[in-house]
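Reader: Before we talk about packing, could you show me the sequence and the model?

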Amino acid sequence: MDQQEIISRFSPEKDNLLSILHALQDNHPQNYLTGEALRATARYLNVNLSWVYGVAGYYYMFSLKPRGRYIIRICNSPVCNMMGSPDILELLGSLLDIRPGETTADGLFTVEEAECLGICEVAPAMMINRKVYGNLTRDSLAAILNELKHKIPPLK
Ligand code: FES
């Protein structure tokens with residue numbers, strides 16, 4: 001589906017800005033918002049481009065630079081931190097050979113640190129794309145990564 005088709009799924013109202021940006025990002029194989037996507041959105045909604053850039057830059061869930069197909073967000077807020085998220089992050093780095101903010105060479109995974117994901121009762125926790133995982137251990141993390149390596153998420 002091309003960019004204009006994605007945008008046209010929504011009515012041209014300002015209130016649809018976040019939904020349009022999500023749809024554009026989810027449909028980009030590198031999981032980010034291109035400058036052209038932002039310009040097309042601004043034209044469609046008949047709003048100032050700087051406002052669209054401002055919104056895209058404000059929310060952590062949007063990226064203005066290329067990322068992997070899987071965005072792994074490790075919660076580093078206090079409860080998860082106490083329950084071992086630094087160890088999980090370190091293991092993730094060694095399994096994927098990247099640091100937070102980086103993307104694997106094959107373009108599959110990007111690792112990010114995140115604020116509380118709202119599931120502290122199953123700390124340590126992480127989110128991969130829109131799915132959350134709790135009670136992480138070194139073994140469960142390795143198993144999750146292994147499973148994901150064999151299935152590329154479809155574009156939406
Ligand atoms: S502190 Fe990690 S989910 Fe709340």
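Reader: Which residues does Ile72 touch, not counting residues up to four places away in sequence?

Author: This is a predicted model, in which local features need pLDDT of at least 70, side-chain atom pairs count only at pLDDT 80 or more, and totals for chains, interfaces and linings use all residues. Residues are numbered from 1 along each chain as its sequence is written. With contact taken as C-beta atoms, placed from the backbone, within 7 Å, and with residues up to four places away in sequence left out, the partners of Ile72 are Leu92, Phe109, Thr110, Val111, Met126 and Ile128.

Reader: Which residues touch the most other members of the largest nonpolar core?

Author: A nonpolar core is a set of buried Ala, Val, Leu, Ile, Met, Phe, Trp, Tyr and Cys residues joined through C-beta atoms within 7 Å, where buried requires 20 or more other C-beta atoms within 10 Å of a residue's own. Of the 18 residues in the largest such core, the ones touching the most other members are Ile72, Ile74 and Leu92.

Reader: Which element gives the most to this core?

Author: At least two residues each come from β1 (70-75), α6 and β2 (109-114), these being DSSP runs numbered from the N terminus (helices H or I, at least four residues; strands E, at least two). The element that gives the most, with five residues, is β1.

Reader: How are α6 and α7 oriented to each other?

Author: The axes, lines fitted to C-alpha atoms over the stretch in contact, with angles from 0 to 180 degrees between N-to-C directions, come within 10 Å and cross at roughly 40 degrees for α6 (residues 85-96) and α7 (residues 138-149). Angles under 35 degrees count as roughly parallel, over 145 as roughly antiparallel, 65 to 115 as roughly perpendicular and the rest as oblique. The orientation of α6 and α7 is therefore oblique.

Methods. A residue is buried if 20 or more other C-beta atoms lie within 10 Å of its own, exposed if 12 or fewer, and partly exposed in between; C-beta atoms are placed from the backbone. Two residues are in contact if their C-beta atoms, placed from the backbone, lie within 7 Å.
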